[in-house]
Amino acid sequence: HGVGIYAEAAGVSLEIPEDSLLNKSKVAIPMGEFWVRALHPELMYYQDVRGAASASHVYAKPLVAAESFTGGGYETPSTLKNVADYWFAQGVNRLVLHTSAHQPLDAKPGNTMVGTHIHRNITWAEQAGPFMTYLARNSFMLQQGLFVADLAYLLNEGAPSTMPIWGAGLTPRLPEGYDFDYINADVLLNRMSVDSEGRLTLPDGMSYRVLVLPQTDRMRPELVRKIRDLVAGGATVVGARPVRSPSLAGFPDSDRQVQALVAELWGDLDGASRTIRHFGKGRIVWGLSLEEVLASLSIAEDFESGKSLDANLAWLHRRTQDIDIYYVANLTDARQSAQARFRVAGREAEIWHPDTGDIEPASYHIEENRTVVPLSLWPRESTFVVFRRAASSPSRTLPQRSSITLAGKDGPWDVAFPPNL
């Protein structure tokens, strides 16, 4: 009857024989999850959220949901904002609060299941409007256009076919300043093609510059054949040569097919003395870092905040037909300033403030194919840097703002709370 569902299909770190992205593709709104109080939550749930985001991106679904703020207690909005800001930068654009619905009683401050207490009986419930509006503005902005990524990491076909678990990380490592999606065999075989510029494209508009193969020596012949065809059409593919099929379908001829296709595509590459082989309009690379591969393609960093920062800024890039939207968040408790470089040229920069809804022009100067924007973010501040109007000048310098202390309080002071709160 047309009713769609949210689902974490199959859930965080459930190592069952599954194709994680294919599972999530079967629901209307793919979900991941993140907790508040987990030890290193960015490691424990990273693969689940990035899997949900990738499933949405590669299967043409606009929303990336997440079970949000699980495992907390009576956290303040400041804590929750900092946690949400990190996961917004990982692709989440719809929060499903865990567990605001589990509060049937009038007793205050109330209790829920294993989630953070976000409901009508918490002490800050009547002041929650601005915080919820902030989350809504971020979600709205991050639902615009398409996600921008340069790298597509192909998942292993084996069982399970899933993202690296428990902070194992990407192999090879993701270079700073670039972003990525996971793809699976289904997407590679049935949705991916290569355009005249060597971009790996999907039917709904997503595109990538480099395909990264999984760390395995097994691959079905139909997958190797598709990779060969993509490279022949102009794609750049990075990875070691497979040696046999993971499946007994067609065995032993399937292994012979793999070996013949590999000999055709990889040729004499050994990943050491010989690392690049041109084939058709594209090339296969084995043994170089992704930084070297991207540099050889003249693909600059999408976002660069400078190496002098105490902590990296979390960021994400989305693009509509004619607007580039960058989300940038300072996750630290210190003010951070940077000469941020964005891979956009020819348009002026604006700062969009999700906490107030204000939009203001920004200083900028254009350097070849990138635009430098000075950013100064207060502790735990996030912002959007938006490029939507043609630049009338290659640079613009606005007066710098300075802060003035209007009043202070030295010595003892008293605070009063409403009765029973």
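## A hairpin and its neighbours

Let's start with a hairpin: 4 residues connect strand E16 to strand E17. Strands (E, at least two residues) and helices (H or I, at least four) are DSSP runs, numbered from the N terminus. This is a predicted model, where local features need pLDDT of at least 70 and side-chain atom pairs count only at pLDDT 80 or more, while totals for chains, interfaces and linings use all residues. Residues are numbered from 1 along each chain as its sequence is written, and side-chain values use heavy atoms, with hydrogens and water left out.

E16 (residues 314–319) and E17 (residues 324–329) run antiparallel, with 6 bridges between them; two strands count as paired if DSSP finds at least two bridges between them. Arg318 sits opposite Ile325 in E17. E16 also pairs antiparallel with strand E5 (residues 146–147), this time through 2 bridges, and Leu146 has Arg319 of E16 as its bridge partner.

How enclosed is E16 by the rest of the structure? Largely, because 5 of its 6 residues are buried. Buried means under 20% relative accessible area, exposed means over 50%, and partly exposed is in between (1.4 Å probe, protein chains only).

## Salt bridges

There are 24 salt bridges in the structure, each one a side-chain nitrogen of Lys or Arg within 4 Å of a carboxyl oxygen of Asp or Glu. One of them joins Lys81 and Asp85, at 2.6 Å from N to O. These two are about one helical turn apart, because they are 4 residues from each other in helix H4 (residues 77–88). Lys81 and Asp85 are both buried.

Strand E19 takes part in other pairs. Arg396 meets Glu348 at 3.3 Å, N to O, and this links distant parts of the chain: Arg396 in strand E24 and Glu348 in E19 (residues 347–352), 48 residues apart. Glu348 counts as buried, at 13% relative accessibility. Arg388 meets Glu350 at 2.7 Å, N to O, another link between distant parts of the chain, with Arg388 in strand E23 (residues 382–390) and Glu350 in E19, 38 residues apart. Arg388 is partly exposed at 31% relative accessibility, whereas Glu350 is buried at 5%.

Salt bridges also link Asp150, Asp302 and Arg343 in a network.

## Out on the surface

Which residue lies in the segment after strand E24 (395–396)? That's Phe417, and at 62% relative accessibility Phe417 counts as exposed.
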